[in-house]
Structures are given as C-alpha cells and as structure tokens.
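Open the model in your viewer and keep the selection panel at hand. This tour tells you what to select next and what is there.

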Amino acid sequence: MLQGMFQEGQMIKITNLEKFYRTEEVETIALNKLSMEVGTGEFVAIMGPSGCGKSTLLNILGMLDDPDDGSYVFNDIEVAHFNERKRADLRKHNIGFVFQSFNLIDELTVFENVELPLIYTGVPAAERVKRVEEVLDKMQIMHRRNHYPQQLSGGQQQRVAIARAVVNKPKLILADEPTGNLDSTNGNDVMELLTDLNEQGTTIIMVTHSEHDARYSHRIIRLLDGQAVVENIMV
Amino acid sequence: MLRNYITTAWRNLVNKKFYSAINIIGLTIGLAVGMLILIWVKDELSYDKFNTRVDEIYKVNASIGSGATKQVWGGAPAPVAFFALKEVPGVVNAARVITSYDYGTFRYKDKLLKEDYGKLAYVDDAFFTMFDYKLLKGNAKQPFPNDQSVIITESAAKRYFGDADPIGKTITGDSKDPYTVSGVLVDFPANSSISGDMLFSMNVKKKQYNGKGYWKSMDEDWGNYYTQTFLQVRPDASTKAIGDKLTKIHMAHQQGIKPTDGVFMLQPLADIHLYKPDGSQAGMQIVKVFSIVAVLILLIACINYINLSTARAMLRAKEVSVRKIIGADRKHLFIQFIMETVLCFAIALLLAFSLIYAVMPVYNNIAGKQMHFDLLNANVWQVIALTIIVTLVASSIYPAILLSSFKPISALKGKISGAGNATFRKVLVVCQFAFSIGLIIGTLIINRQLNYIQSKQLGYDREHIFSVEMHGMQDHYEAIRAGLLTQREVLGVTTGDNSVVNSGSTTGDTDWDGKAPDVSFLIHPFNIDKDFISLFKIKFVAGAGFTGSKSDTAHFILNETAVKLAGIKDPIGKRFKLHDLNGIIIGIVKDFHFASLKQAIEPSIFAYRPTSWQMYVKTTGKDAPAAIKAVGKYWQQYNANFPYEYNFLDDVYNNMYKTEQQTGTLFNIFACIAIFISCLGLFGLATYTAQVKIKEIGIRKVLGASVANITTMLSKDFLVLVVIAIVIASPIAWFAMNNWLQEYVYRVDLHWWIMAIAGGVAILIALATISFQAIKAALTNPVKSLRSE
C-alpha cells in the first residue's frame, strides 16, 4: 500500500479499486485492485505508459466515473457507490480540473469561462465578479478578460483553465497532462502556478508523461496495467 | 444566471450561422404556413357562429324520393314556416328567405345599377330578430312599414346614395316598381351563409299568388321547395320530433303526395356551410384535410429543428462535458437547451408574423376569402403555444437527456457513439419524407382530377358560346336571330331556359304509360328551340330533334338515363307527360353532363319552346369580341334600361369548380413548402454528416477512394431513408386520395405510376440536396481533414 507522506490529514484513500471496459468481445482491465492514499496538501504525479489506467484513475478520483469494485474514501466519505447527482454535488464544491487541451468554452469570454463554476454553485453576481477578478489578477491574465479563447495563446488559455479550476477554491486539483500542448517556457510557467497553488494548501494530483514536470511533485506513482508498481518520493 | 444562458444561446446562434439559418428559415416558414392554414380553417369553422342563437336555429331540409333516386334538398315549401309556428311545439320563431329574381336593375334618379342574381331576397319580419344581422337604421320589430319598403345593406346604400342618408329615398326596380328604403343593414359578414344586397317584405311574394293558379296562396303551396326556412327552437326540443311533425302536417295538407316526398329534417345553422343538406361532408372534408396539412407542415418544421439540434448536440459534446465537469447539473444543461430553442423560436416567430402580414393579401386572393391576421387573437396564440411546446419538448429535452447521460471525459476525447441517437433522427427523417411524399401524391392526384374535369368529354360542346339574358329581346328573338346569323362572326344562335353547364331545376310532375304509382321520378326539364341540340352538339342515339313545326309543342326528347330509369321500352313514339302537357317522345339523346362531375347524370327532358329568357351565341375564339359587339347592338335597341352582360359558358363551367381550383392551388403551394422545409433539414443533416465523417472521408481518400465512391457512401444512407418513406407514404396517400376521389362520380383512376413519380421526385430532390454536401466533402483535401484532429 502506498502511503501519503503528509500524515496530518488524509484526503483520498482508495482500496482494491477495479474498473473494466467491456465491448461485445473484449474485456479490458483498466484498474486492477489498485490501492493508494493521498494526503491533504500533497502534490502527487501519476506516470505510466499509454493504456496503463492513468486517465481512468483520474476520472474516478474526479468522480466523473464510478469504479466497478473497491472503495474510494474522499475526506472520510465513501463515494464509490454515490449516484451521479451526489457525486456531481461533491465534485463541484471540492475538485477543480485542468486538461491538456484546456477545454475552454469557445462561445464564452475569458471572464465568463472563469465565472461559470461560480454560476453553477449559485454564487451571487457581485461576489462572482470579485472572485473572478481576483483569480484573473493572480494568473496575470486580467488584461485578457474580454477576449475569447481563440484569441489567446496556448499558455494564456491554460492560465484561464487553471483560473477556472481554482476559482471555486477547491481542495483538490486534478491535472491531466497540463503542459502537454505547451512549449517548455509556457509549460514551466504552468508548473510554477500549480506549485504555488500547492504551497497555498491545495492538494494536486497530476497525470503526466513528462519526467521534468513530475519533478515538481512530492511523490510519483507509476502505474502499469492498472496497478501501482513503483513509488518515488521526491526530495 | 439567466443572462448567461441567453448570452450563450445568442452566441451559439450567431457563431453557427449556417445551422441557425436553416433552423430559423425552416421554423419561420413552417410557423407562417401552419398559422395561415389554421387561420383558413378557423374561418371555415366560424361560419354563422356570430349568431348568438346559433345553437337554437335550424334550417328545414326536405328529402324527396327513396332508394337510388332519393335527394335531399336545402329548400322547403313556404307553408312549413307557417305551420311550424302555428302547430309544432318547441318552435319559438321562424323566418324564411326566398331569393328574388324579380329585378335585374334599380334606378335612383339618373343612376342605373345592376343587381346580381341571388343578391335580392324576400324575408319574413322575424329575420331581423332571430339572426344577429344588425340594422344600422330602421326598426327591427317592424322592418317593412309597407310592401313597397326595402332594406339595403350599407355598401348597397353607398353605391346608390353615396354618403347621403338612404332612409326615405326611393329606388325603382326594372323601371317599373318603386321601393322606399326603410332600413340600412350592416353588410352581411363574409362568414355568413346568408347574404345579399337588398331585402324585401315577404308580403310582396305572398301577393304574387293571385288565387287563380294551381296553388291558391303562398302558405298553401306545398309543391315548390323554394324557401330557405329557418326555425328557432327551444333548447330542450327534439329536432327529430319537430321534423316528423312537419312531415305529418305536409302529408295531411297535400293531396296525393307520396309518403317519401317531402320528409322534413332540421339541420343546425352551424352546419350549413360545411355539410350538405343530407348531412354528408361538403367543405368539412377540405377543412379536415387542410388541418392535417397544417399539422404536417408544423411537424416537418419541428422535426428539422429537432434533427439538427440533436445532431449538433453531438458536435457540442465538448462544451457540454466541460460544463458538466465544472459543475453543471442536468437542470442547468436542460435550461440552457430550452433557452436556445426559445430564442430560435422567438426570432422565427417574429419573422413568421412579418411573413404572414406580407402574404395575407395574396393568400386571401388565392383562397377567395377576406381573412385577417390578428396578433391579439387567442387562437393565434393557441397555435403558437402548441407548436412551441411540441418542439421544446422534443428538441430540448431530448438532447438535454442525451447529453447529460454520456461520460464527460470520453466525450472530451471524442469517444462517444451516437448510434441510438442516429436511429431516432433516421425515424424522424423518414416521417418527414413520408409526409412530403404523401403531399406530393395528393397534389398529383388533385391536379389530375382537376385536369380531367377541364378536359373531360361532357357530351356537349361549350366552346366559344356565350349566354345573354334576353329581357326585351325575347319578343323579337326571330328577327334578332336572323340578323345575327348574317354576321360572319356568329356561328349559331339558340335559346333555352336552362343551362347545359349547370341545370338548376328539377320536377317530379311527370307521367308515362307503365309508371309505377308509388315511385317518384325526378327529371331536369329544358325548354329549348329547334337549334339548341345541334348548337351544343348533343348527339342523338335514336329519333330526331325539333324542327320548329307546330307539332313540336307536343314532342319530347329524353336523355338515355331518363329512358333507362323510367323503364320505357322502345321509347320513340311513346306517350310522355310533363306538367300539364301530354306529348310523345320523338328522340333520345346521348347522356351529357349538365351538372357538376360530382353528380351522376340524372334524367333530363327537352321540350320545345320557340323562345326563352336566355339566348346562346356561338362564335370563334378570334371573333368573340365582334360577336359580343353584334349582340350588344340589339341589346342597346331593346334593353337600354339594363347594363349589357354576357357569360361565356367556359367561365361558368370553371366557376363551378372554383373551390376545387382554389383547393388545388393551395395544395400545390403547401406541398412545395413541405418539401422545401424537409430538404432544408436534409441539407443540414447532410452537412452535419459530412462534418462528422470528415476523418473517415480523409482516410478513405488516402486509401484510394474516388469522389464518386465518397459521394455514394454519403448519399446512400439518406436515400435508403427516403425509399422507406416512399414505402410508408404510398399506401396511406393512396387510401386517403381514393377517399377524396369518391366525392366525384366521374374521376381519374389511381395508377401505381403516380406513386412512382412522387417517389422519384422525392428521391431526385433529396439526391440533389445531399449530393451538394457529399461532393463538397469528397473534394476536400484529405491532408487537411486528417490534420484537424
């Protein structure tokens, strides 16, 4: 069992997690009795070759998908068998997502993209403006607030995406290859931003192919065929 | 929150201009046409309902004869109203309307104006209290102070007196009878079954019975079914009992009447416009057909919207997934989709309103109506609300459920299958095309039947023949005829009292050797001169025509049907009696159509009369103006007091089928619109498919597929759907149109190739629509499309 290094609080504890994908003829095991823990305030990188189950794990951790078997305890709550609505509710108050391809909504401006999670959690309008401006300022893209995603560079788009992920002050950020579509300068900027967020207390779990990016984390979990095979603790 | 939804919806609309345009154009046309048709339907259904007592007023119809020769007439003898009031319990009030043919013109000072036939009527005083026709001036309780009073409509008053007060002014009918205006009536509403320009007191009609004729007085005349008799009955009264009681009274008062001749039945006032006197559907059938067409067109437009928005929902999977991941509930997505639909509808609705206002005059013209589009009308909004709800339910709820059900992460990575969803769309496309093909088949058959009517050999020749009422010319007919025949442009002249195109009168007053005593036999009498049959090229099957000799006054010519139904063997030389005249049959003519093709040919009889009130002149197409002028000269000589009028029989004939022509035109337009909207949707779907399959097309091209291969691949799926639609629509349309044709006794045959043509047209149109997109997609450089990942 992989232990979190920060023992003051445990955020995530998964035990014997299993996930299968079935088509008519083939059954693929994506997660094979995987167990792991992540402590509050940790920065964990998950690595492994294509098809090792990284994304599946991230989806389950992000409560976008449910496991076929096993237990998933998030902040002392067993969520493995939560229905969609309960998961969605827990998710929108606790988890922020950052994707490789940014996934901003093309029809909305920078400001509106970042504002969206606040709208969905029912934050009043005045409060929304304050919080969006605060986070845009922090990400240094305030001057782009009225632009549409297509008008921004990749690095700027990822900043907006991170701003959107953190605007609701989530306890956990799940990042799926956040630098995958960026050049090294912009990639480093994004990693710095994530590190800053982590230092301010946000737990981060990041899937990556990049050894370079993984070095920003406290701990690397390496997956192969749906199982955790190695754990490196960064010093 | 709401602002955000509207902003997103608006930007989606603006960013996807192509799809938005298709959606909005389709919806606009669908809504506009749907509403236009429903306005027409509402108008048809509104006839006579402006009367506050519409539920209590009934018209008395009469059934004559039994079995195959049974007819139901919309008229009743005059005594019916008299006895209904006097002896029948449950009858509260009665009013008769008798169309007057007594005058053709009226003069006020030096203004001489013609009044069309059918625009003058005698009415009982109760007419003004029973119905809701309003008197602007005059006394509804005592409308006619004396027998020389006349009540005229507002527009007639305007014609004669301009803006001056008409009350007390005197107009002169046909230069002989003065009438003083005692009241002004608000013009009859367009949706009134009763209409006219001038109303006269029933007393005038009563006085025409001088006590010396066969029928001593109006209220004893049981033999002429010439009144429209309206009864107001107590709401709890049984109309059946009232009809039976009236029949009993009739049987008791008319000597020797057969118990099947003159059986009375009551028809609700509200039904007069859309049902025949015998209760069968008249206009009601068209009302039903058009209602269905309206719903189909609205459905086709809604299906477009549903198809395009669900198809595009798949393209929008990324956006929806992102929204889900960052916290959107089903509710949020749901409202978002509904907002988009509402916005799209709002725009379409505004455009539809403008479109309706713009085409209303043309539409009124085609439909032959005076309809108004009133935005404040509750009916309009009922239609709108219904359409929006249907479309909303189908086009927002469905994608909302669909989109909230897929896994957002897979959707983000483009790994979603739209299989079930595609089936749903395919079903809708099939429905849409089935509707369109059904309408094409309907249109083809209606047009064929209308052409058939136009070109059918009617058994007589009406080409280049016009009719003129003779008035004063009648006394000089022989001289006029001789004079006209000297003119090169006049090919023939004849006279008769009944129209070959549409004979109105019938009589049962006949006898022959061997006639069964209890059988009623109705026959159409034509009083004609010696040239009539040859001028109209009616053919003889036996015997010969009139020669103009004295003995012809005791000669009759029958048609084949008359001989057959009367059962006279070897009719030439046999005795026949018409009214008081006993004569012999000298000829049999081949059956000809002297009524609408909706009716079977009935018995007819020709009797000889040297002159009648109507003259027919045959000319040629080229010489018609000269011939009209030649007749006009005689008119000036003998009829200076009447405006000169003539009617070409072709026009009279076409007028008989005016409703059919109007229906046909409207049907053509509606079918084209339905097909257009369907194609709009198909075009959108084809574009979508090409967009979705762009990668597949790229790979296929790299592997060596030709443009033709790709085009076929993309078109095939759609064509299969159209073929399925043909298979479904053909039998239904066949059945429906066969039903419609039953209304015509003489009709075209339904051939399988009509279905084939309709299907072929649908396939061609669909193919043209799809191939544009398919070829465009096939021509795309694969390098470009493969890189788009």
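**Stop 1**

Select Arg11(B) and Glu112(A). They form a salt bridge, with the closest N and O atoms 2.4 Å apart. The term means a side-chain nitrogen of Lys or Arg within 4 Å of a carboxyl oxygen of Asp or Glu.

Before moving on, note that this is a predicted model: local features need pLDDT of at least 70, side-chain atom pairs count only at pLDDT 80 or more, and totals for chains, interfaces and linings use all residues. Residues are numbered from 1 along each chain as its sequence is written, chains are lettered from A and ligands numbered from 1 in the order in which they are written, and side-chain values use heavy atoms, with hydrogens and water left out.

**Stop 1: the interface**

How many salt bridges are there between chain B and chain A? The count is two. Six residue pairs between chain B and chain A are in polar contact, both residues at pLDDT 80 or more. A polar contact is a pair of N or O atoms within 3.5 Å; within protein, one must be able to donate a hydrogen and the other to accept it, and residues adjacent in sequence count only if both atoms are side-chain atoms.

Helices (H or I, at least four residues) and strands (E, at least two) are DSSP runs, numbered from the N terminus.

The area buried between the two chains is about 2400 Å², and carbon and sulfur atoms give 54% of it. Buried area is the accessible area (1.4 Å probe) that two parts lose on being put together, summed over both.

**Stop 2: the four-stranded sheet of chain A**

Select S2, S1, S4 and S5 of chain A. In that order they make an open sheet with antiparallel pairing. Two strands pair if DSSP finds at least two bridges between them. The edge strands are S2 (27–39) and S5 (77–78) of chain A.

Zoom in on S1(A) and S2(A). They form a hairpin with four residues between them, and nine bridges pair them in the antiparallel sense. Lys19(A) has Leu31(A) in S2(A) as its bridge partner. At S5(A), Phe74(A) stands opposite Ile77(A).

**Stop 3: the six-stranded sheet of chain A**

Select S6, S7, S8, S3, S9 and S10 of chain A. They form an open sheet in that order, with mixed pairing. S6 (95–99) and S10 (227–233) of chain A each have a single partner strand, so one side of each is left without a neighbour in the sheet.

Next, pick S3 (43–47) and S9 (219–224) of chain A. They run parallel and are joined by four bridges. Ile46(A) has Ile221(A) in S9(A) as its bridge partner.

**Stop 4: inside chain B**

Finish on Asp124(B) and Arg96(B). Their side chains meet in a salt bridge (2.8 Å, N to O). The two residues are 28 residues apart, with Arg96(B) in strand S3 (91–99) of chain B.
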